[in-house]
Amino acid sequence: MSTAQPGPDAYGQELARISHHQSEAIDARFTVFQALAAVGIGHEQADDIVAKLEAGAVAGAHTWISESSAPHGSEPRFEDGWHAGVRDVASYLLRIADTTATTGRGLAASNAMLAAHLQQSAAPAPQEAPAEEPAPAVALDAKDVLTAAERFSWAVAAPGVRHWPDGGDFLDVALSAVRPEEREGYIERLEAFVEQHRARLEEMLRTHGPGSRPASHGRYALIGQPETLVIVERMESAPFLLRGQWEKELESVFLDDLEFVWGPRIRLSR
């Protein structure tokens with residue numbers, strides 16, 4: 001096993017492969033839930049079946065990591081460090097397997113709702129009488145939303161240590177998941193959400209934000225960005241819409257990392 005550090009290009013390729021596998025897993029899970037529903041298996045039992053399968057996959061990774069060994073001929077001090085690192089990673093994978101086996105409730109029901117929505121969207125619309133033109137939707141000013149988010153200094157990293165000085169692309173996609181009827185008063189709704197979840201946001205910034213050990217490996221890059229307050233609010237309020245808008249514009253691995261740490265009530269990735 002090589003100990004060389006991957007360069008930026010190689011790491012980008014790794015992220016792309018991870019994103020590909022996660023995207024395929026979402027599609028596969030959707031198919032499995034549909035198949036289980038077709039044979040009369042209820043939502044709770046379907047959640048248990050899929051959770052056990054996914055926990056088993058993580059357990060398989062745990063076994064593979066635990067059985068790995070340092071490169072042949074390594075110095076004793078290197079081997080000690082290697083095995084200590086393997087133990088840390090294996091313990092973390094075990095915690096993930098335990099969590100995966102006992103969480104994920106509501107996924108089957110969410111998939112059923114999504115399937116029904118897709119079927120309804122695919123059905124031809126009935127002919128209706130012409131309706132009056134709706135009033136134009138309230139526009140959301142991204143600068144105003146960002147200014148509001150930056151006021152919560154305890155929930156975002158200092159400007160000098162943020163991964164992206166300008167996270168405009170992420171903010172634009174998150175705001176595209178704010179429905180027209182939600183735009184009026186959205187900043188006030190966002191501020192209330194942040195205050196309500198202050199403890200969770202502070203803990204997320206502390207454990208996975210810039211300077212933390214997980215962030216040192218190049219992951220969780222969104223944590224600490226002011227735009228992320230909007231993203232997690234949408235993750236709770238409109239998870240399917242956010243995921244759909246995101247995957248059309250951005251790498252899903254960034255959203256997957258954030259979803260893993262935030263732990264929303266409806267998880268669309270593992």
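Me: Buried means under 20% relative accessible area, exposed over 50%, partly exposed in between (1.4 Å probe, protein chains only). What is the source of this structure?

Reply: This is a predicted model, where local features need pLDDT of at least 70, side-chain atom pairs count only at 80 or more, and totals for chains, interfaces and linings use all residues. Residues are numbered from 1 along each chain as its sequence is written, and side-chain values use heavy atoms, without hydrogens and water.

Me: How many helices and strands are there?

Reply: The chain has eleven helices and zero strands (DSSP runs: helices H or I, at least four residues; strands E, at least two; numbered from the N terminus). Of its 270 residues, 37% count as buried.

Me: Take α8. Which residues are buried there?

Reply: In α8 (residues 198–208), L201, M204, L205 and H208 are buried. The face turned away from that buried side carries A199 and R206, which are exposed.

Me: How many salt bridges are in the whole structure?

Reply: Twelve, each a side-chain nitrogen of Lys or Arg within 4 Å of a carboxyl oxygen of Asp or Glu. One of them joins E202 and R198 (3.2 Å, N to O). Both lie in α8, four residues apart, about one turn of the helix. E202 is partly exposed at 33% relative accessibility, and R198 is partly exposed at 34%.

Me: And E182, what is its partner?

Reply: E182 pairs with R234, their closest N and O atoms 2.8 Å apart. E182 is in the loop between α6 and α7 and R234 in helix α9, so the pair ties together parts 52 residues apart in sequence. Both residues are buried.
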